[in-house]
Amino acid sequence: MSIQNTTADQQHNPAVLLDLKHISLSFGGVKAITDISFDIYEGEVRAIIGPNGAGKSSMLNVINGFYHPQQGEIWFDGKHRQAMKPYEIAYQGIARTFQNIALFKGMSVLDNIMTGRFTHMSKNLFWQALWKGPAEQEEIANRELVEHVIDFLEIQAIRKTPVGRLPYGLQKRVELGRALAAQPKLLLLDEPMAGMNVEEKEDMCRFILDVNDTFGTTIALIEHDMGVVMDISDRVVVLDYGRKIGDGNPDDVRNDQTVIDAYLGVSH
Amino acid sequence: MFYRESGDFKKTYQDDSQTFPIKFDRRRYYVVMAIAFLVLPMFMTDYFANAMMIPFLVWAIAALGLNILVGYCGQLSLGTGGFMAVGAYATYKLMTSFPGMDMFSVVLLSGFVTALVGMIFGLPSLRIKGFYLAVATLAAQFFLVWLLNKVPWFYNYSASGQITAPERSIFGIIITGPHASPITGYLFCLILAVGLAWVARNLTRGRLGRSWMAIRDMDIAAEIIGVNPLMAKLSAFAVSSFFVGVAGSLFFSVYLGAAEVTEAFSINVSFAVLFMVIIGGLGSIFGSFVGAAFMVLMPVLLKNILVGGFGWPTDLAAHLEFIIVGALIVIFLIVEPHGLAQMARVLKEKLRLWPFPH
Ligand SMILES: Nc1ncnc2c1ncn2[C@@H]1O[C@H](COP(=O)(O)OP(=O)(O)O)[C@@H](O)[C@H]1O
Ligand SMILES: [Mg+2]
């Protein structure tokens, strides 16, 4: 199956998929992000870490167009991106999951993931009303792809279950499935493992790495568990109080004194 | 274990997503259709057609329409009466301006006119939600009724302010007017109701329906997946109003024959259709029919029992009807917010296991 279209063979001279330049964002008087710059290479797993309230989620919201930064530039896929609505950004190939699960509670697992195919489907109201013909063909073609996602995430058995009835860990997995179904160029994951037990975390890690390996999907991920971050990410950016305080390989970042201070300062 | 799905494996995704995946349900559907189209018209009395079946079908179409908006897209509307009025008056203007037009075209065009009006009044939904949207649609209700009552052009300057359906036919069969047979009226409504239910089913199972439900369940997540909220909400308003407009058109032309806007399409109509949707089941096509049947048949039934059986005075029976409907709505909201359709679903799950409960 081919869920991805980008290639990640250039280890030496990596192509930049997303480049954030001097982003500043404030809500009234609250400065959520102050002059942050970093980039994401095509095909890598980029972790964003930092204490609570550091501005990590706000950063993802800037990337997928929910928040419009007061300052700074966003370059995506080699182009300077103008201010856009989130649904337009979805069409550019950015998908995400949320820190607090944001599934469609009244719909089945299958329908949730099928909704992830929205940008790839186009039959209009007229064809939809007739169903037989183009609309049904489009539905079946996309259903096949969605079934691959379902197989991949090992959730075949709960296909028809309303998502509201699922335990937390599975809901997180379905939400990942919905984002994957969009075949994004860039996948944003906001604390995909928060609140999970060790086993569920291991599963989720495996899925994230598999997505990255098999489909070459570029992933930006927010995570608190340092062990997980060190294991699965290629590069790490560290935020604290809305500023960037570290950026680099997991090992370098872990041994950085400023980063250690920020983390110790918060947890004690 | 006569009702089962085990051993009924689906080999294609097409089979898997059909409307009645279980054989028993599929057979029952064909039986119901055969009765509705073939058996009933042969044995039905004019009273039965006029007092029960035609209103049932008309309200079912209205409930389907409102259900698309409220149940599937999560946008509360109290403007149903006003939109039905638009459908009715569009029908009247079309019938009187183009006497040669067949009734199917008249009804469907009236639906399109209502869809346009519905989209205009749906615009506020982009900015306001829930309770405030309900109030905005309430404004639509009052404005539309006021407008249709105030501007004489809409009722062709008739002295009574009433609109009256002239005789119109399709393929030479008279559908409206004093000489129309209730049975043909019933069949005409039945064809439209079945056709529209099929359209509703198609729209709600595909891409568009998923975008409506996504907006209903979690609008933020819908947007990041590519759903344009404006398009989703306006398309829901348009489709919903189309259905409601068709219902209004039939209500006036086939059922009432003559109507006065402030009486026939008051706020009570808006509430009645909303009750049908709640009692039948939000987000269920089958439920729209059940809710309509319930609201149409229960008064008739109560009246027959209380007035016919116990010899109560009619006004007392009518009051009791209000009390019962009110109580039922409260009960439904508490016990089973998903309505009669959900109750049927639960029953089915039990049947599937019967006679072994575990
Ligand atoms: N919509 C908003 N309105 C006001 N303040 C916000 C909003 N979103 C985030 N913030 C503020 O921005 C800061 C960063 O929040 P957030 O990005 O959620 O942090 P993190 O995800 O790193 O825990 C916090 O101080 C938070 O209160
Ligand atoms: Mg956060």
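Me: How many Å separate the centres of domain 1 of chain A and domain 2 of chain A?
Reply: In this predicted model, the centres, taken over C-alpha atoms, are 26 Å apart. The bounds come from an automatic or database domain assignment, which gives domain 1 as 1–93 + 184–268 and domain 2 as 104–183 of chain A.

Me: How many residues does the contact take from domain 1 of chain A and from domain 2 of chain A?
Reply: Domain 1 of chain A gives 24 residues and domain 2 of chain A gives 16 residues, where contact means heavy atoms within 4.5 Å.

Me: What is the area buried between these two domains of chain A?
Reply: The buried area is about 1,700 Å², and carbon and sulfur atoms give 70% of it. Buried area is the accessible area (1.4 Å probe) that two parts lose on being put together, summed over both.

Me: How many salt bridges are found across that interface?
Reply: There are 2 salt bridges between domain 1 and domain 2 of chain A, each a side-chain nitrogen of Lys or Arg within 4 Å of a carboxyl oxygen of Asp or Glu.

Me: Which elements give two or more residues to the side of domain 1 of chain A that touches domain 2 of chain A?
Reply: They are α2 (86–92), β7 (186–190) and α7 (198–215) of chain A. Helices (H or I, at least four residues) and strands (E, at least two) are DSSP runs, numbered from the N terminus. The largest share, 8 residues, comes from α7(A).

Me: Changing topic, how many residues does the contact take from chain B and from chain A?
Reply: Chain B gives 29 residues and chain A gives 39 residues. The area buried between the two chains is about 3,200 Å², with 64% from carbon and sulfur atoms.

Me: Which residue forms a salt bridge with A:E139?
Reply: The partner is B:R210, and the closest N and O atoms are 2.9 Å apart. The count between chain B and chain A is 1 salt bridge.

Me: Which element gives the largest share of the side of chain B that touches chain A?
Reply: That is α8(B), with 8 residues.

Me: What do I need to know about the numbering and the rules?
Reply: Residues are numbered from 1 along each chain as its sequence is written, and chains are lettered from A and ligands numbered from 1 in the order in which they are written. Local features need pLDDT of at least 70, side-chain atom pairs count only at pLDDT 80 or more, and totals for chains, interfaces and linings use all residues, while side-chain values use heavy atoms, with hydrogens and water left out.
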